[in-house]
Amino acid sequence: MSFDQQNHDQEIYRLTRENQRLHRLAQDLKESEDFSRAVFEAAQTGMLIVVGDTDQIMDANRAAANILGHDIENLLGQASGNFLCSGDSRLIGDSASHHLKSSNVPCQMLNKSGQTIHVLLSTTTIKSGNQPLILVSFMDISALRAAEEKLTASNKQLTETLGQLQDQKSRAAQSEKLASIGQLAAGVAHEINNPVGFVTSNLGTIGNYFGIMKALLEIYAQTEAPVPAEGNAREVLLQMAREIQEEEDLDYILDDLDEVLKESLDGVHRIAEIVKNLKSFAREDGPEKCAHNVNEGIETVTKVIWNELKYRCEVKLDLEPGAVIQGHGGQVNQVIMNMMINASHAMPETGGILNVQTRPAGAEVEIIIADNGCGMDQVTLQKVFDPFFTTKDVGQGTGLGLSISHGIVEDHGGRIEVESAPGQGTTFRIFLPAAEAGTDLAPASPALSPEEELIG
């Protein structure tokens, strides 16, 4: 074989191999294009290929056509901005001119019938020859947005309903508090009647003393008249005055008058204090929780219900300083009152002992209310916080006191523990979140009126 023939055969072989390689490349390229096209068509996300310079749609997949409500043929050649709402119309054009890439931008598109579609839109710039192409992908989230709006509306309605329930709970607690005060009304009236009785009696005594002093003053006024009395008339008047002083014992009157006035003022102060404590207890709490001195609250409650307690039991208070909680003082006082009254009703006829203690306990304040009364069995103990459950006779209780108390403590982020056994008394332990150090205390009682200030 000649040299030329050999070179010719080698060239043919090389060309054949190159041709085979190019054929394989073309086949691979076609397969890749077919695969890419299949993925493009099968995607559930709408896709548009947009010419960057002209904003014309060069290609679109089936999902894009379905979302926009057009046939694919009708989309081709149109400007992509035609399908975006006015506020988002430059989104794709800006991406092309600045070669920006955006991901999941919330915007609105228009379908064939002019309806607004909420979508998440992403853009990616693709280099193709000398002109940039933009891959625009978008996902229809209209159903998601509708569900979100429905959920928002449901949450709003739920919040309003919750607010109404909270208002109803507050009104129920306030109504129960006023009902308790109503049951205590006779005792409170008795507490007021005692000082009123001796103040009334003292006013009668003061009136008698005033009559005697008025008579003496009139006599002495006559002795100092501008026109002197004739003869021994002045001496007669002075003798009359001396007789009255001796008969009525003026020295005793002057000494007794100080004591009667002091006693009367003490009685009036006692009435003012009872009224002030009632106003403090009966008032409705504001919406915001404040720092509340539990010890002052217990002392106020004890004064309000004292007539209910003093004939049934001996009350022992052991209140440690620093018992300050963050909450609604009126509601906490209501809890304490309910439990103290229940304890007094459980006392034996011979009388008992009611111990009330407070203890700072780290981040909490512990309130202990313990009695040596009849106690409760396990069945009663399990139902003690149930609404309308009561062991009292008809008309003696609503059955809501402890249930409302339990709800108040839970609303404050606290808890109640109870220990009891028949014949061994009952102990309630209330734990409430302590106020932060340095928190200003809420007023312990409402401000006095000018009349009350005058009395005090």
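Modeller: Contact means heavy atoms within 4.5 Å. This is a predicted model, so local features need pLDDT of at least 70 and side-chain atom pairs count only at pLDDT 80 or more, while totals for chains, interfaces and linings use all residues. Residues are numbered from 1 along each chain as its sequence is written, and side-chain values use heavy atoms, with hydrogens and water left out.

Biologist: Okay, what is Asn295 in contact with, leaving aside neighbours within four places in sequence?

Modeller: Leu319, Glu320, Pro321, Ala323 and Thr358. Asn295 sits in helix α9; helices are DSSP runs of H or I with at least four residues, strands are E runs of at least two, and both are numbered from the N terminus.

Biologist: Is Asn295 buried or exposed?

Modeller: Asn295 counts as buried because its relative accessibility is 10%. Buried means under 20% relative accessible area, exposed over 50%, and partly exposed in between, with a 1.4 Å probe and protein chains only.

Biologist: And Glu308, where is that?

Modeller: In helix α10, residues 306-309. Glu308 is partly exposed, at 21% relative accessible area. Its C-alpha lies 7.4 Å from that of Ile341, 33 residues apart along the chain.

Biologist: Switching to the sheet: what is the strand order?

Modeller: The order is β7-β9-β10-β12-β11, an open sheet with mixed pairing. Two strands pair if DSSP finds at least two bridges between them. The edge strands, each pairing on one side only, are β7 and β11 (415-420).

Biologist: How do β7 and β9 run, and how many bridges join them?

Modeller: They run parallel, with seven bridges. Asp318 stands opposite Gln357 in β9.

Biologist: What does α9 touch on that sheet?

Modeller: β7, β9 and β10, and the direction of α9 makes about 165 degrees with that of β7. α11 packs on the sheet too, at about 20 degrees to β10. Axes are lines fitted to C-alpha atoms, for helices over the stretch in contact, and angles run from 0 to 180 degrees between N-to-C directions.

Biologist: How many residues are in the largest nonpolar core?

Modeller: 36, and Ile336 and Met340 are among those with the most contacts inside it. Such a core is a set of buried Ala, Val, Leu, Ile, Met, Phe, Trp, Tyr and Cys residues joined through side-chain atoms within 4.5 Å. α11 gives the most to this core, with eight residues.

Biologist: Which residues does Ile336 touch, not counting those up to four places away in sequence?

Modeller: Val294, Ile298, Val301, Ile367 and Ile369.
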